Amino acid sequence: MTINEKQNQIIEEFSAFTDWIDKYEYLIETGKNLAALDEKHKTEQHLIKGCQSRVWIDAEYTDGKIIYKADSDAIITKGIISLLIEVMSGHTPSEIIDADLFFIHKTGLQENLSPTRSNGLLAMIKQMKLYAIAFKAKHNEL
Amino acid sequence: MIDIKNIRKDFPVLNTAVYGNPLIYLDNAATAQKPECVIQTVDELYRTCNANIHRGVHFMSEQCTEKYEQAREKIRQFINAEKKAEIIFTSGTTGAINTVATSFGERFVSSEDEIIISEMEHHSNIVPWQLLCERKGAKIKIIPFDDKGILRTDLLDELINERTKIIAVTHASNVLGTINPIKQIIAKAHKYNIPVLVDGAQAVPHENVDVRDLDCDFYVFSGHKLYAPTGTGVLYGKEKLLEQMPPYQGGGDMIATVTFEKTTYAPLPLKFEAGTLNFTDVIALGAAIDYINKTGLQNIAEYEHQLLDYATRKLLAIEGLKIYGEAAEKVALVSFLLNNIHHLDTGMILDKKGIAVRTGALCAEPLLAHFGKTGMVRASFAFYNTFDEIDALCENLEKISLMFK
């Protein structure tokens with residue numbers, strides 16, 4: 001599936017929810033299902049630190065594609081990251097760099113983008129894209 | 001007695017809906033809502049009486065100056081200071097502490113000196129002292145608290161020595177709610193001739209404060225937690241100390257004469273009020289004081305204690321909920337964690353139910369570190385909150401608990 005197809009799938013799932021509590025219940029479930037990051041990867045280097053919750057994002061590059069792993073001490077936050085991983089993981093650095101993440105707006109998750117939550121979605125997306133830029137530079141991907 | 005129905009009518013924002021739910025505002029320790037009379041005062045001033053204070057000879061300037069000075073007198077009475085010269089308006093508690101840390105520090109603190117603060121301070125009563133210590137090569141000593149959130153004042157004698165220059169301690173903790181025995185701390189400090197600064201930000205809205213009875217040397221608080229506009233605060237200082245301290249900032253209004261060779265400063269309190277202060281909102285702070293006086297601080301305190309007792313009892317009945325701060329004497333706030341649910345998760349879900357609580361480090365990271373935590377949930381009450389709102393909070397916490405099972 002392309003990044004956009006995956007996004008459309010998430011948007012469709014979210015369209016079934018009538019209120020925020022449903023959305024949160026869904027995010028709690030997805031958060032719980034995301035494999036926890038190994039303690040040894042929960043390092044300062046992978047940490048996006050904020051006043052509210054901690055988020056760790058790690059990435060590896062195999063066969064031209066990026067696989068993301070992430071964790072958070074807050075479950076809803078972890079649920080949101082798992083959506084980002086679902087959308088972006090398994091794609092090439094260029095696809096990730098160019099990705100327009102419209103699902104965030106269409107699912108209403110942009111409400112979690114407030115600038116005071118510096119460890120919010122925006123910081124996570126930035127970090128994921130930075131990994132892509134770094135891998136692209138390192139492997140001279142065209 | 002608090003007539004809750006009528007009280008709530010005085011605070012227009014309480015009628016707001018959030019995500020389709022009626023707002024339940026339980027973040028009063030962060031900032032309090034404003035009564036109609038305060039809003040009207042600001043509105044009316046900008047419509048009918050706006051001119052810079054202490055400067056013009058013209059009618060409106062004099063009117064504004066008079067109202068501003070009336071607000072100072074209201075504050076003086078409110079905390080029972082001896083003189084108006086001892087009441088300095090600032091931008092808030094933070095502004096007031098920085099004024100003392102800088103100005104008192106400049107005059108009285110040198111290399112190797114010591115400043116005592118407590119483990120339960122808000123960052124605002126930590127960082128200004130750290131900045132001072134960095135400048136002067138002085139150091140900070142800490143009064144710890146026990147696991148119930150009670151300050152270990154028994155250790156004060158060990159902490160104090162001939163190098164101690166000031167003790168800065170909070171009257172009431174913004175996380176634990178603990179009301180500290182500051183009168184006792186001050187009495188002890190004064191035996192060694194050490195002045196004491198009291199951070200009253202969390203105490204003034206809830207308790208009657210008498211600076212002369214406490215005999216504190218400095219007492220600071222914010223207007224915005226006291227139902228007044230943001231950007232207002234008060235620094236009370238004993239005249240004899242303020243006289244000895246150099247001005248904090250230079251500018252207009254704080255001078256007597258200026259030449260390029262030498263400038264002389266205005267007498268207290270203007271010496272510490274450089275530039276155009278937020279005079280409109282200070283006048284509205286006066287209106288907030290009037291409102292509190294009319295309602296009666298004693299009535300407010302009694303009602304809030306009922307809210308606190310009720311909330312504590314109901315919260316503790318929730319399985320897996322732990323309250324941090326179990327002192328017998330508390331202001332009306334409760335910090336807690338629910339099972340192992342992250343404070344942000346709890347806060348985000350409550351938010352969608354229209355319930356505003358504070359989550360996170362609560363501007364007191366060292367305090368939270370005492371319990372090995374990086375965040376908590378805090379519900380803080382004002383006299384316009386109701387028992388029904390506490391019920392709603394608890395019902396939703398029960399639901400959240402189930403969501404995470």
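Tutor: Start with Asp215(B), which counts as partly exposed because it has 15 C-beta neighbours inside 10 Å. A residue is called buried with 20 or more other C-beta atoms within 10 Å of its own, exposed with 12 or fewer, and partly exposed in between, the C-beta atoms being placed from the backbone.

Student: Where is Asp215(B) in chain B?
Tutor: Asp215(B) sits in the loop between α8 (211-214) and β9 (218-222) of chain B. Helices (H or I, at least four residues) and strands (E, at least two) are DSSP runs, numbered from the N terminus. Asp215(B) has a positive phi of about 65° although it is not a glycine.

Student: And how is the numbering done, and what kind of model is this?
Tutor: Residues are numbered from 1 along each chain as its sequence is written, and chains are lettered from A and ligands numbered from 1 in the order in which they are written. This is a predicted model, in which local features need pLDDT of at least 70, side-chain atom pairs count only at pLDDT 80 or more, and totals for chains, interfaces and linings use all residues.

Student: What is the mean pLDDT of chain B?
Tutor: The mean is 97, and 100% of the residues of chain B reach 70 or more. pLDDT is the predictor's confidence in each residue, from 0 to 100. The model scores ipTM 0.87 and pTM 0.94.

Student: Back to phi. Which other residue has a positive value, about 75°?
Tutor: Asp253(B), which is not a glycine either. Asp253(B) lies in the loop between α9 and β11 of chain B, and it counts as partly exposed because it has 16 C-beta neighbours inside 10 Å.

Student: Is Met245(B) buried or exposed?
Tutor: Met245(B) is buried, since 20 other C-beta atoms lie within 10 Å. Its place is in the loop between α9 (239-244) and β11 (255-258) of chain B.

Student: What does Met245(B) touch?
Tutor: Leaving aside neighbours within four places in sequence, Met245(B) is in contact with Ser103(B), Phe104(B) and Arg107(B). Contact here means that the C-beta atoms of two residues, placed from the backbone, lie within 7 Å.

Student: Which peptide bond is cis?
Tutor: The one from Leu268(B) to Pro269(B), with omega near -5°. Pro269(B) is in the loop between β12 (263-265) and α10 of chain B.

Student: New topic. Which residues of α11(B) are buried?
Tutor: Ile300(B), Tyr303(B), Glu304(B), Leu307(B), Leu308(B) and Ala311(B). They cover an arc of only 145° around the axis, so they are on the same side of α11(B). That arc is taken over the directions from the helix axis to the C-beta atoms.

Student: What does the face turned away carry?
Tutor: That face of α11(B) carries the exposed residues Gln298(B), Asp309(B) and Arg313(B).

Student: How is chain B divided?
Tutor: Into domain 1 (4-30 + 296-403) and domain 2 (39-293), with bounds that come from an automatic or database domain assignment. The C-alpha centres of domain 1 and domain 2 of chain B lie 28 Å apart.

Student: How many residues of the domains are in contact?
Tutor: 23 residues of domain 1 of chain B are in contact with 22 residues of domain 2 of chain B.

Student: And what of chains A and B?
Tutor: The contact takes 13 residues from chain A and 13 residues from chain B. On the side of chain A that touches chain B, the largest share, five residues, comes from α2(A).
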